[in-house]
Each structure stands twice: as structure tokens, then as C-alpha cells.
2 protein chains.
Amino acid sequence: MYVSRMPRPREFEPDTVLNQAMLRFWERGYRATSIEDLVKATGVKPGSIYSAFPGGKRALFLKSLERYSTLVVPQKLGELEAPGASLAELRGYFDGLVRDLLSPEGRQGCLLVNTAIENAAEDDEAAAVVRGHLARLERCMTAALANARDLGQVRDSVDPGGSAKLLVATCQGLMVVGKANPDETVLRAIVGNAFAALA
Amino acid sequence: MYVSRMPRPREFEPDTVLNQAMLRFWERGYRATSIEDLVKATGVKPGSIYSAFPGGKRALFLKSLERYSTLVVPQKLGELEAPGASLAELRGYFDGLVRDLLSPEGRQGCLLVNTAIENAAEDDEAAAVVRGHLARLERCMTAALANARDLGQVRDSVDPGGSAKLLVATCQGLMVVGKANPDETVLRAIVGNAFAALA
DNA sequence: CCAATATTTGAACCAGTATTCAAGAATGGA
DNA sequence: TCCATTCTTGAATACTGGTTCAAATATTGG
């Protein structure tokens with residue numbers, strides 16, 4: 001058998017580069033984010049980035065989408081993904097979105113919404129990740145609406161599946177509106193009316 | 001007084017270049033559209049483009065947004081902007097959106113939604129045009145809802161202003177969803193549920 | 001200290017980008 | 001036909017993009 005010698009160890013954490021990449025893609029978009037941006041942000045040189053992430057910028061982008069899904073999304077969804085979630089958790093999610101859109105750090109919106117607009121038409125893999133996210137939203141919103149109906153928190157005539165599809169679109173639209181016009185009155189009116197329709 | 005001699009006349013129609021620019025920005029976005037693209041599409045050389053459109057690519061983009069607003073938007077809104085519009089025109093607008101999103105040519109969505117996502121955060125003038133468009137949508141939807149309420153086409157409890165804000169967000173969201181997942185069932189469910197909430 | 005391996009580094013590469021400019025060309029009045 | 005004016009053309013500029021590579025470096029078991 002062959003004995004492996006110790007090679008030179010990495011001087012950076014690939015996760016750090018990936019996190020930085022995710023943040024940059026999130027706030028500036030895919031095309032607007034250059035490798036040079038990541039080099040400046042992390043101090044890691046291009047050669048090292050490319051050897052740590054085979055596939056280059058696009059692979060880094062796709063990995064960023066996955067990381068966003070596993071790191072950021074659960075945090076935003078919060079209890080809405082828990083089995084017992086009902087109307088309060090659903091409402092909490094929308095209120096959180098509004099809060100984010102009105103805060104200086106949250107103006108970047110949602111990486112997956114941005115990706116739907118910027119990349120979905122020309123990048124099938126990116127579009128697939130976005131579709132997976134939309135399905136995830138629809139799934140937990142449907143469950144929450146079904147629970148809410150059982151609890152009498154919404155009208156009996158509410159169809160969980162259909163209303164969830166509408167709410168998914170509503171939260172995507174909320175983020176588009178919030179990006180161009182982060183006005184608290186408008187955003188709160190959108191959420192208020194969306195939920196008024198359920199009660 | 002001075003007599004002006006006749007200079008060499010233009011060999012191209014600036015409107016043609018502007019229309020092409022609008023179409024390219026619409027389907028591929030601002031960054032992804034290069035001057036070279038426009039040169040290939042129109043046969044007009046860079047020098048001529050730059051002399052016809054002072055301000056370069058960005059000015060051309062802003063002019064494209066204006067052109068989209070005056071040329072494409074009225075066509076999409078159709079009768080919804082007419083004073084007497086009510087529920088039918090409102091519904092017609094949403095049905096038209098769905099039809100567009102499902103057709104091969106319509107997958108590009110809406111230039112102003114795309115701009116909200118790609119440019120609004122970093123370009124105040126572009127964001128202002130988007131805000132103007134959102135205000136325009138809200139205005140005619142509010143009017144249509146007020147008419148619809150007077151005609152008994154929607155519940156008396158419907159607040160035209162608030163519901164219009166929600167519908168504006170809904171149609172933005174419709175375009176995000178449609179771009180990632182152009183599925184007729186989903187899009188029709190969104191529109192159906194949005195209008196069911198008004199009746 | 002040497003050997004073997006993998007990483008770092010800095011430069012280089014090549015394609016593409018937006019933009020500018022000088023020289024040639026077209027126009028109609030003088 | 002000349003002139004002043006503005007356009008066209010084609011090249012050139014200056015920069016940035018993503019990506020690659022050879023040489024230098026660091027590691028640790030032998």
C-alpha cells in the first residue's frame with residue numbers, strides 16, 4: 001500500500017468564499033458580481049478559488065443558490081415550516097418579509113426571486129432551483145392554510161392549495177414592489193389585504 | 001443672420017435603434033445586452049449610435065424604459081385604462097398576462113419588473129420609472145375596482161385602494177412565478193383565487 | 001533534510017466591454 | 001464647384017471579464 005504524504009493545507013475556508021459569493025450574488029446579482037469582487041472580499045486569489053470550486057463562476061453561483069436555500073430560507077420561513085404551523089406563522093412570515101424590505105440590509109430582497117428574473121430564462125439549472133423553492137413555499141403555505149381552516153382561523157370556503165399558490169405569488173410580488181418602492185404603507189396594505197381575503 | 005448649409009442626413013432611423021434596444025433590454029436585461037448586440041441587430045455602427053444617443057448605453061436604457069411605458073404598456077393594459085373600466089377589464093388584463101407568460105414570445109415577462117429586480121437598487125432614475133409604472137397600475141386598478149364596486153361586481157366591503165395595491169403585487173408576483181415556472185394550471189389558479197377574493 | 005503532494009501566487013491570456021476619434025463621405029446652398 | 005455642416009466608418013482605446021498556468025511554497029512522513 002502507498003503512504004500519502006501531507007500536502008500543503010488550505011489557508012482559507014471554502015465555506016467563507018461560498019458565503020461571500022452568496023452574499024454578493026444576493027445583493028448585486030450574478031452578472032454584476034465579478035470574481036475580482038470575491039477576491040477583494042475574501043483575500044483569496046482567483047487560482048485558489050478556481051481550484052476549490054471546479055466549474056468556475058457559474059458553479060459557484062449554483063452552489064450559492066443551494067446554500068441560500070439551506071441557510072437563509074429556513075431562517076426566513078421560521079416556524080412556518082413546522083408541522084403545526086397555522087395562520088399566525090403564515091402571517092409572521094409576511095410580516096417578516098415587510099420588515100426585511102424596509103430595513104437597510106433587507107433591500108436586497110430574495111436571492112431566488114432575483115434569480116428567477118435574471119437567470120431563469122437562460123439557465124435551466126438555476127430555474128430548477130427556483131422552482132424547487134416555489135414548490136417548498138407552496139407546500140408549507142398549503143399545510144398552514146389547511147391547519148388554519150381546521151382551526152377556524154380562515155373561512156371554510158378557502159381552498160388551501162389554491163390560496164397557497166396565490167400567496168406564493170403575493171410574496172414574490174411583495175418583493176418586487178419593495179425593491180422599487182420600499183414604502184411601509186404600501187407593503188403593509190398589500191399584506192393586510194391579502195390576509196383580509198382569507199378571514 | 002447666418003444661413004445653415006445642409007449636413008449629411010442620417011441613414012438610419014433612431015427610433016429603430018431605440019426599439020431594438022428596448023426589445024433586447026426586455027428579453028435579456030441591461031447588463032446582458034451589449035452595444036455590439038445592437039450593432040448586429042440594426043447594422044448601425046457604434047459611433048453612429050453614440051452620436052444619436054448622447055449618454056451612451058445607460059441613456060439608451062432609460063429611453064427604452066420610457067418607450068416601453070408609452071408603447072407596450074398601454075397595449076397590455078388595453079381598456080383597463082379607459083375611464084369606464086370595471087371588473088371585466090381588470091380580469092382581462094390578468095388573463096392577458098397569463099396568456100403572454102405561456103406563449104413563447106411572452107416569456108420575457110415585463111421590462112419594468114425585470115428592471116425593478118436588476119437595476120432599481122443601483123439606479124435611482126430607473127427605479128423612479130418603475131415606481132411611476134407601479135403608480136400607474138395602482139391608479140387604474142383602483143378606478144376599475146371603484147367602478148366594479150358601484151356596479152355590484154365585487155363585495156361592498158372591498159376597499160379599491162387597498163385591493164388595488166394587492167393586485168399590483170399579485171401581477172408582479174405572477175410574472176416572477178411565470179418566469180421560473182410557466183405552468184398554466186398554477187398561473188390560472190393564482191388569477192382565479194385573486195379574483196375569487198373580490199367577489 | 002528529502003520526497004511527494006496540494007495550495008498559493010502573480011502573471012498572463014484571451015475575449016468582450018463601453019466608448020472615442022480621426023478620416024472619409026454626403027448634402028444643398030452660395 | 002466649393003463650403004460648412006453633420007453623418008458614417010473602421011479602427012483604436014482602455015478597461016474589465018472569466019479563466020489558466022508555471023513556479024514558488026508549505027506540509028509531514030520517511
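Reader: How many helices and how many strands are there in chain A?
Author: In this predicted model, local features need pLDDT of at least 70, side-chain atom pairs count only at pLDDT 80 or more, and totals for chains, interfaces and linings use all residues. Residues are numbered from 1 along each chain as its sequence is written, with chains lettered from A and ligands numbered from 1 in the order of writing. Helices (H or I, at least four residues) and strands (E, at least two) are DSSP runs, numbered from the N terminus, and the elements of chain A run α-α-α-α-α-α-α-α-α from that end. Chain A has nine helices and zero strands.

Reader: What box do the C-alpha atoms of chain A fill?
Author: The box is taken along the principal axes. Its dimensions are roughly 70 × 45 × 30 Å.

Reader: By what kind of axis are the two copies related?
Author: Superposition is by least squares on the C-alpha atoms of residues with pLDDT of at least 70 in both copies. Chain A can be laid on chain B with an RMSD of 0.1 Å by a turn of 180° and a shift of 0.0 Å along the axis. The copies are thus related as by a two-fold rotation axis.

Reader: Which residue of chain A comes closest to the rotation axis?
Author: The distance is taken at the C-alpha atom and amounts to 1.8 Å. The residue is A:G173.

Reader: Which helix of chain A gives the most to the side that touches chain B?
Author: With contact defined as C-beta atoms, placed from the backbone, within 7 Å, 38 residues of chain A are in contact with 38 residues of chain B. Helix 6 (111–118), helix 7 (124–150), helix 8 (160–180) and helix 9 (184–196) of chain A each give two or more residues to this side. The largest contribution, 15 residues, is that of helix 8 of chain A.

Reader: Through what surface do the copies meet?
Author: Of the interface residues of chain A, 100% are also interface residues in chain B. The copies therefore meet through the same surface.

Reader: How are helix 6 of chain A and helix 8 of chain B oriented to each other?
Author: Axes are lines fitted to C-alpha atoms, for helices over the stretch in contact, and angles run from 0 to 180 degrees between N-to-C directions. These two helices pack at an angle of about 70°, with their axes 8 Å apart. Since angles under 35 degrees count as roughly parallel, over 145 as roughly antiparallel, 65 to 115 as roughly perpendicular and the rest as oblique, helix 6 of chain A and helix 8 of chain B are roughly perpendicular.

Reader: Which residues of helix 8 of chain B does helix 6 of chain A meet?
Author: Helix 6 of chain A takes part through A:V113, A:A116 and A:I117. Their partners in helix 8 of chain B are B:V176, B:K179 and B:A180.

Reader: Which helix gives the most to the surface near DNA strand C?
Author: A residue is near a strand if its C-beta atom, placed from the backbone, lies within 6 Å of it. Of the 26 residues around DNA strand C, A:P7, A:G47, B:M6, B:G47 and B:G56 come nearest. Four residues, the most from any element, come from helix 3 of chain A.

Reader: Which helix gives the largest share of the surface near DNA strand D?
Author: The 25 residues around DNA strand D have A:R8, A:G47, A:G56, B:P7 and B:G47 as the nearest. Helix 2 (35–42), helix 3 and helix 4 (56–77) of chain A give two or more residues each, as does helix 3 of chain B. The largest share, four residues, comes from helix 3 of chain B.

Methods. Contact = placed C-beta atoms within 7 Å.
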